[in-house]
Amino acid sequence: MEVESKPVFMGSLYGKKPGKHIPEITEVSQGTPMGELLRRYWQPVALAKEATTTPKLIQVFGEELILFRDKSGRPGLVHPRCAHRGTSLIYGKVEERGIRCCYHGWLFDVEGKCVEQPCEPNNGEHRSKVRQPWYPVQDAYDLVFAYMGPPEKMPILPRVEALEGINADQKILGEQKAFASGGPAIADCNWLQYFENALDTFHVSVLHSNFSGLQFIPEMAVMPNVEWSLTKLGVKATQKRVLPDGRLFLRVTEALAPNVRSVPDAFGKNGPVDRIEWTIPVDDTHFTTFTAGVVHQDATVIRERRVLHDGKLWEDMTEEEHRAFPDDREAQVGQGPITWHTDEHLVTSDVGLVMFRRLLQRQLAVVAAGNDPLGVWRNKEEAVIQLEAGNFFDAQ
Ligand code: FES
Ligand SMILES: [Fe+2]
């Protein structure tokens, strides 16, 4: 008897379940593995100029915080709910000694100490029992850095070698962006899918060189030969391009655990990098970045925004133009709020980001075991970030 053969459609979408992300390396709230790893470092949370005598609400790692600078110049970062009865300190007034709550006038200094309670006898004789929840902050490299982790684990804020020893006509400038090409400073996707793009070197020859036209210098369009390797603090991608005129163009990009990137200029600036970038999760499905870079005294930006199509910046393009000429934002936000790791098909060109994900997993284990992860220093002499990234034209 003949058996009727049933057609089989391999890979049919019918019955497909949604994929899942890897929560350990993507989710960032307090108590999550990645959230705890990120909280072991000093992290930039604002531009220095944003910490002012007007309180500012910011969000970092899923936490809402009030940033201010008291009138003696010290930055402060506190929980928005006043320790008295919970009024938001966004309505507070900043004074010489701290921030004063609008409701009953309690005054908190930059370490959350309650220094005045005007409605209480003797201006609050028991006020030393009250502390507004706070995080330590400090100014560095034109940015405000906060330490949001366990107090007993607080490390030293490291120096960045690439930003030291600048010339008299130069300065360090801080910058906040989501994507180098412009657009809103907070992007609508998980931090990791942006972050690991630093090691995704092959997309340069496709997205930025062909698919959406030539967005960088023509040298970047040449398909590279890439080697990924572990460094002291992370993973680097060494890209070798043999240019049509026979020169060797060497480009090194780096990702440092857990959220520091160093991607050299894409427009031909030769030599080692003179900037560094932190990817900061705003929450699980939004991120921003802070960059500190060496610029000329007169400069107001580190990187000029990139013209993407027809002389237009990202924000000037229509929806149709974004579809026709997508950039990093479209590619990465297009992966969804948090990409489905279970549905990925990782191949040889993804080796760098696989190495970095494994490195992150190892750091999570280190923290879970109660130890210091990579790049946490307690000795001032050792606390220095040295970068290897750069563009090296005419490399031998
Ligand atoms: S709620 Fe802030 S002082 Fe009363
Ligand atoms: Fe890109």
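Asn122 lies in the loop between β8 (114-116) and β9 (134-135). Strands here are DSSP E runs of at least two residues, helices are H or I runs of at least four, and both are numbered from the N terminus. Before I go on, this is a predicted model: local features need pLDDT of at least 70, side-chain atom pairs count only at pLDDT 80 or more, and totals for chains, interfaces and linings use all residues. Residues are numbered from 1 along each chain as its sequence is written, chains are lettered from A and ligands numbered from 1 in the order in which they are written, and side-chain values use heavy atoms, with hydrogens and water left out.

Back to Asn122. Its phi is near 55 degrees, positive in a residue other than glycine. Asn122 counts as exposed, at 61% relative accessibility. The cut-offs: buried is under 20% relative accessible area, exposed is over 50%, partly exposed is in between, with a 1.4 Å probe and protein chains only.

Next, Asp142. This residue is not a glycine either, yet has a positive phi of about 65 degrees. Asp142 sits in the loop between β10 (137-140) and β11 (143-147). At 32% relative accessibility, Asp142 counts as partly exposed.

One peptide bond to flag. From Ala257 to Pro258 the bond is cis, with omega near -5 degrees. Pro258 belongs to the loop between β16 (248-256) and β17 (260-262). For context, most residues other than glycine have a negative phi, and most peptide bonds are trans.

β17 takes us to β19. The two run antiparallel, joined by two bridges. Pairing requires at least two DSSP bridges between strands. Val260 stands opposite Trp278 in β19. On to β20 (residues 286-296): β19 pairs with it in the antiparallel sense over eight bridges. There, Ile276 is opposite Ala292. β19 and β20 form a hairpin, with two residues between them. Why is β19 (residues 275-283) largely enclosed by the rest of the structure? Because nine of its nine residues are buried.

His203 is buried at 15% relative accessibility, and Asp328 is buried at 11%.
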